[in-house]
Amino acid sequence: MVSQARKSELLFSGSDWNFAKLSSVYDEIEALGTEELGLDIYPVQMEVISSEQMLDAYSSVGMPLMYRHWSFGKRFLYDEFLYRKGARGLAYELVINSNPCIVYLMEENTMALQALVTAHAALGHNHFFKNNHLFRQWTDAGGILSYLDFAKSYIARCEERHGLAAVEAILDSAHALMEQGVFRYHRPPKLSSEQQREGLRERLEYEERSFNDLWRTLPPSQGKSKPEAGDEILAERKKSLKLPEENLLYFLEKNSLVLEPWQREIVRIVRVIAQYFYPQRQTQVMNEGCATFVHYTIMNTLFDRGRISEGAMLEILRNHSNVVFQPTYDDPRYSGINPYALGLDMMQDIQRISTAPTAEDRDWFPDIAGRGDWRDTLLDAWANHRDESFIRQYLSPALIRKWRLFALADGADEPHYEVASIHNERGYARIRSALAQSYDIGASRPDIQVVDVDLLGDRHLRLQHKVKDGIMLEGQSRDATLRHIRNLWGYEVSLAAIDAGTGATLSERWTKEL
C-alpha cells in the first residue's frame with residue numbers, strides 16, 4: 001500500500017489520464033531532462049490520436065501533412081488488416097522532426113504509458129533531432145511543415161489541372177527512385193523557406209513561358225553517339241553535366257528534356273522528402289537508443305524521488321522490457337538486431353565505463369574510462385555520430401561478450417561458414433568493425449550513378465551500378481525501375497553492372513529490351 005503522504009507527492013494515480021495530468025507530467029519530465037541530463041530540445045506540441053489516426057499516420061510515412069497517392073491507401077489497408085487480426089500492434093507514440101516537435105500519443109495508452117512515451121519522444125527523440133549533426137546538416141526542422149503544406153496543395157492543384165492519372169504516373173516513377181534520389185556525400189540545399197517558395201513560383205512561371213514541347217516530337221537519332229568524338233569532348237560533356245551524378249532524381253529534374261514544369265516540380269518534391277528522411281536511416285540505433293536511455297533514466301529518477309508509484313513503475317518496466325526485447329537467432333520472432341536494445345546497452349555501457357571501468361575498459365577507452373562525465377560523453381556522441389561511427393568507436397569487448405557476437409566468413413566457393421573472429425583482442429576489433437560496417441548504408445545500398453548522356457546526340461542515358469562482393473540487382477525490380485527512369489527521361493536508358501574491384505563489365509540492360 002502506498003502511504004497517504006507519499007500518495008500526495010505522486011504525479012498521478014490510477015490508469016486514467018487527462019490533459020491536466022499530461023501537462024504536469026510533461027513539465028516534470030522536461031525539467032529532469034534539461035537539468036539532470038543536459039538535453040536541448042525544440043518546443044513540444046503533443047497531440048492525442050486514435051488507433052485509426054495512428055494507422056493513417058503510418059501510411060503517410062508518419063507525416064502530419066502529405067499529398068495523396070495510392071500507395072498510402074494500400075499501406076493503410078495492409079496495416080489495418082494486420083492490426084485488426086492481432087498480428088501487429090501499434091506504436092505507443094509517433095514523433096516528427098519539426099520545430100515545434102510534434103508528438104502523437106495514442107488515446108488508448110494508460111497514464112503510466114503516456115509518461116513513458118512522453119519522456120521517450122518529447123525529450124529523447126526531440127533532443128536527438130535537434131542536436132545530431134546529420135539532422136542539422138540535411139534537414140530544416142523549422143521548414144518541413146510549411147514545405148509539406150506547399151507540396152500537398154501544389155500536387156492537389158496539379159491533379160485538378162492535369163488529371164489524377166497524369167500526376168499519379170509521375171509520382172509512381174519518382175517514388176520508385178526515392179532510394180536513389182538523395183545526396184549522400186555533400187550538403188544539399190535546405191528545405192524551401194517562404195522566400196525560396198517565392199523563387200519557385202517565379203521559376204515555374206518562367207519555365208511555363210519558355211517550355212518547348214517540340215522536344216517530345218523529336219525522333220530518336222539513328223545510331224549511337226559517335227565514339228570518335230574523342231576523350232576530350234567526352235570529358236568536357238561530363239564536366240558540363242557534373243557527371244557522374246549519384247542523385248538520379250536530381251539529374252532527371254534538372255536535365256530531362258520531356259518533363260513539363262509541373263512534372264519537374266513534383267519530382268523535386270519527392271526528392272526533397274526523400275532527403276529529409278535520409279538521416280533517419282543512418283541513425284536508427286543511436287536515435288532509438290538515445291530515446292530509450294532517456295526514458296529509462298528519467299522514469300527511474302522519478303520513481304526514486306517518490307513521484308511514481310510502484311504499480312505505475314511496474315507497468316513502465318513491463319512496457320520498457322517489451323521495447324528492448326532481443327529474440328535469439330533461433331527464435332521465430334528474430335528479425336535481426338533490435339536497435340532499441342543495442343542502442344540502450346551501448347549507452348548504459350558508456351555510463352558504466354565512465355564511472356566504474358575495468359582494466360580492459362581502460363585499455364580500450366582511455367579517453368573516457370573512469371572520468372565520471374558520462375553525460376558529456378553521451379551528449380557528444382549523440383551530436384557527432386551516426387550508427388556506423390558510434391558502433392566503431394564505442395562497442396566494448398564486455399558488450400560483445402554479453403551479446404555473444406562473433407563474425408562469420410562466408411566464401412561463395414566454400415561449402416561451409418568459417419568462424420573468423422572470436423572473443424579475443426584481435427577478434428573484438430574485427431567483430432566491432434564488421435558490425436559497424438553493416439550499419440553503413442553507403443556500403444549496403446546499391447551504388448548507381450549517371451555516368452554519361454549526349455544531349456545533342458541520341459540522348460541515351462547511361463547508368464552504372466558498381467557491384468560489390470558480387471551482389472547484383474534483383475532482375476525484376478531492376479527492370480521495373482529502369483522503366484520508371486525511361487518514363488521520366490523520355491529516351492533510351494541503359495544500366496551497366498561494373499565490378500567495383502576490377503572495373504570489368506558484368507552485364508548491361510537496355511530499356512529497349514524490356
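Me: How are H7 and H8 oriented to each other, parallel or oblique?
Reply: In this predicted model, the axes of helix H7 (residues 144-162) and helix H8 (residues 164-176) cross at roughly 130° and come within 7 Å, and the two helices are therefore oblique to each other.

Me: Which residues make that contact?
Reply: H7 contributes Ile 155, Cys 158, Glu 159 and His 162, while H8 contributes Leu 164, Ala 166, Val 167 and Leu 171; by type, these residues divide into 6 nonpolar, 1 polar and 1 charged.

Me: Switching to the core, which residues touch the most other members of the largest one?
Reply: The largest nonpolar core has 70 residues, and those touching the most other members are Leu 123, Ile 298, Met 299 and Trp 382, with helix H5 (residues 111-131) giving the most to this core, namely 12 residues.

Me: And what is Trp 382 in contact with?
Reply: Once neighbours within four places in sequence are left aside, the contacts of Trp 382 include Leu 39, His 127, Phe 128, Met 286 and Met 347. There is also a second, separate core of 58 residues, with Met 66, Ile 266, Val 267 and Val 493 among them.

Me: What about the sheet, what is the strand order?
Reply: The sheet is open, with 3 strands in the order S1-S3-S2 and mixed pairing. Strand S1 (44-49) and strand S2 (93-96) each have a single partner strand and stand at the edges, so one side of each is left without a neighbour in the sheet.

Me: How do S2 and S3 pair, parallel or antiparallel?
Reply: S2 and strand S3 (residues 101-106) pair in the antiparallel sense over 4 bridges, and Val 95 stands opposite Val 103 in S3.

Note on methods:
Residues numbered from 1 in each chain as written. Predicted model: local features only at pLDDT ≥ 70, side-chain atom pairs only at ≥ 80, totals over all residues. Heavy atoms only, no water. Axes fitted to C-alpha atoms, helices over the stretch in contact; angles between N-to-C directions. Parallel < 35°, antiparallel > 145°, perpendicular 65-115°, else oblique. Contact = heavy atoms within 4.5 Å. Nonpolar A, V, L, I, M, F, W, Y, C, P; charged D, E, K, R; others polar. Core = buried A, V, L, I, M, F, W, Y, C linked by side-chain atoms within 4.5 Å. Buried < 20%, exposed > 50% of the residue type's maximum accessible area, 1.4 Å probe, protein only. Pairing = 2+ DSSP bridges.
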